[in-house]
Amino acid sequence: MRYLTDQQGERIGVLLDLESYRHLVDRAERNSERLEDLSREELQALALARLAPDAQALLDILLTGNVEGTLSPKETIQLDSLLAQADHLTLLVARARLALRKLDGAPEGQ
């Protein structure tokens, strides 16, 4: 494994040997299939999941403050945390939708 760095020496990427890459890809594929153990009703509920209204409202406020450049360091940490939560939720929703498509027999590209 080798790290890619920027001009300041910060790590910005990783080069993996082919065996390590294949191991990670295989592991990710196995993990994505865990949702397939859920019932259709559970997958449908998960596919419709959203941030809680209070979290979404706070996210909107923090995003506005970020654009305006008025966030405190604490608010920046809150924003980063909410964005990470939104990213995780988006991935779960996508995985639930993919599992539903597989149940319905739809090709993966659709």
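From the N terminus on, the elements of the chain run β-β-α-α-α-α.

Q: What kind of model is this, and what went into the values?
A: This is a predicted model, in which local features need pLDDT of at least 70 and side-chain atom pairs count only at pLDDT 80 or more, while totals for chains, interfaces and linings use all residues. Residues are numbered from 1 along each chain as its sequence is written, and side-chain values use heavy atoms, with hydrogens and water left out.

Q: OK, how many helices and strands are there in the chain?
A: The chain has four helices and two strands; helices (H or I, at least four residues) and strands (E, at least two) are DSSP runs, numbered from the N terminus.

Q: And what share of the residues count as buried?
A: Of the 110 residues of the chain, 18% count as buried, where buried means under 20% relative accessible area, exposed over 50%, and partly exposed in between (1.4 Å probe, protein chains only).

Q: Switching to charges, how many salt bridges does the structure hold?
A: The structure holds one salt bridge, the term standing for a side-chain nitrogen of Lys or Arg within 4 Å of a carboxyl oxygen of Asp or Glu.

Q: Which side chains meet in it?
A: Those of Arg40 and Asp104, at 3.0 Å from N to O. Arg40 lies in helix H2 (residues 40–47) and Asp104 in helix H4 (residues 73–104), so the pair ties together parts that are 64 residues apart in sequence. In general terms, side chains of opposite charge can pair when their charged atoms come close.

Q: Are those two buried or exposed?
A: Arg40 is partly exposed, with a relative accessible area of 31%, whereas Asp104 is exposed, at 54%.

Q: So how do H2 and H4 pack?
A: Their axes are 8 Å apart and the angle is about 140 degrees; axes here are lines fitted to C-alpha atoms, for helices over the stretch in contact, and angles run from 0 to 180 degrees between N-to-C directions. H2 and H4 are therefore oblique to each other, given that angles under 35 degrees count as roughly parallel, over 145 as roughly antiparallel, 65 to 115 as roughly perpendicular and the rest as oblique.

Q: What about the handedness of that crossing?
A: H2 passes H4 in a left-handed crossing, a crossing being left-handed if the near helix is turned anticlockwise from the far one by less than a right angle, and right-handed if clockwise.

Q: And where does H3 stand relative to H4?
A: The axes of helix H3 (residues 53–68) and H4 come within 10 Å and cross at roughly 125 degrees, and H3 and H4 are therefore oblique to each other. H3 also passes H4 in a left-handed crossing.

Q: What about the loop between H1 and H2?
A: Ser39 has its place there and counts as partly exposed at 27% relative accessibility; from C-alpha to C-alpha, Ser39 and Leu100 are 9.5 Å apart in space. Asp37 is found in that loop as well and is exposed, with a relative accessible area of 72%, and the C-alpha atoms of Asp37 and Ala99 are separated by 9.2 Å.

Q: Last topic, which residues make the nonpolar surface patch?
A: Tyr3, Val14, Leu16, Leu18, Tyr21 and Leu24 make a patch of about 560 Å². Patches are made of residues with over 30% relative accessible area and no salt bridge, with like charges joined within 9 Å and nonpolar side chains (Val, Leu, Ile, Met, Phe, Trp, Tyr) within 5 Å, and accessible areas come from the Shrake-Rupley method with a 1.4 Å probe, where for residues only the protein chains shown count as cover.

Q: Which element gives the most to it?
A: Helix H1 (residues 18–32) does, with three residues. Val14, by contrast, is found in strand E2 (residues 11–15) and counts as partly exposed at 44% relative accessibility.
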